[in-house]
Amino acid sequence: MHMGKQTTFISFIPALPLLIATVVFAPTAWANKDYGPLISYTQAPLQSVRLTPTLRSGFPLEENKVEVFASLTAASIWANSHDYHLDYYQNQLQTGLKWQLTTAWQVEFNYRWLYAANNHLDKITINYHDLLGLDQAGRDRKDRHQFDIYAPDHDINIRDFSGDTLTSAFTLYTQYQIIDLENHGLSFGVSLYHNNVSYGAFEGNSNEQSAQFNYAYQLDINTFYTSLGFANQSNREVENGFSHKKTTWSWMGGYQLSLFENHELHLEYRWYEGAEVGDTEFSEAANEIMLGYRYLMQRSAIEISIIENIFNMDNSTDVAFQLAYRHQW
């Protein structure tokens, strides 16, 4: 989306009185601390194929509690600048296990598979732009369901790569709890990441690392999250890739509103330092907004969310939809 981004947010204004009334008259209760922010990973093209820190809770799980989770994301990539042209779909399957070993230590192991396949989002995106009067930025003048990456200055010309794997990565995350109070939580974590794509246009491998601080503040039915992260990709080697920065910063913030006993609304903002070395749009920061809903059950939760790019429309995903399931015992 290249124009009229404010229109999307203005359309929510009539719902504000209802939201305020919900907050004011909702029964006073503590929000659920266990699940924290939504399960998610950036969908910006360059950041999604490398190790990028994610928004995490500053609160721990209960001691010895285990969580398993899985999510499926469908994204539409459209970026059209004088330096490059990207038009393709990417889909992501992520699954993992999180375990609170002690009151201070938590570990998480997850696998993420990012692959190119037709998820038919072009029609949905074009109709959405037409409905709100937004600029199509040339999308409506090109055949739908294409898989093209063209960047002549980088000697990149990849076409018809549907079915190829973009990323196949395992991540081990270890977290230490620094502060755990009723209203405040602060933790520090590090990640070890291994990506290996053995064939296709995106063949390559890397061992990457990251570190991040996570803080959470809870006030009755309101919970605020923020994470500041740093990632190192010094040994990244991938075919047909843009020239990546060796180190990048990320900042993420989130708000959780517990509407009723089993219902939560989430709003998240993510800022990622530009990942490319150079002066193209990819060297500038990518920005994402994520809006989600969580339904809580006795031992599990279901999450539905949408990810939108903002500010710089030529270095991040146009739109992505996600469904996630989490189970704890």
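Residues are numbered from 1 along each chain as its sequence is written. In this predicted model, local features need pLDDT of at least 70 and side-chain atom pairs pLDDT 80 or more, while totals for chains, interfaces and linings use all residues, and side-chain values rest on heavy atoms, with hydrogens and water left out.

The protein contains 4 helices and 15 strands (DSSP runs numbered from the N terminus: helices are H or I, at least four residues; strands are E, at least two). Of its 329 residues, 53% are buried (under 20% relative accessible area; exposed is over 50%, partly exposed in between; 1.4 Å probe, protein chains only).

Salt bridges come next. The structure has 10 of them, each a side-chain nitrogen of Lys or Arg within 4 Å of a carboxyl oxygen of Asp or Glu. One joins R56 and E108, at 2.8 Å from N to O. R56 sits in the loop between α3 (45-48) and β1 (66-80), and E108 in strand β3 (residues 105-115), 52 residues apart. Both R56 and E108 are buried.

A further salt bridge pairs D148 with R159 at 3.6 Å, N to O. D148 belongs to strand β4 (residues 148-151) and R159 to strand β5 (residues 156-159). Here D148 is buried, at 6% relative accessible area, whereas R159 is partly exposed, at 45%.

R326 and E303 also form a salt bridge, with their closest N and O atoms 2.8 Å apart. R326 is in strand β15 (residues 319-328) and E303 in strand β14 (residues 300-309), so the pair ties together parts 23 residues apart in sequence. R326 and E303 are both buried, and shared partners link E67, E264, R294, E303 and R326 into one network of salt bridges.
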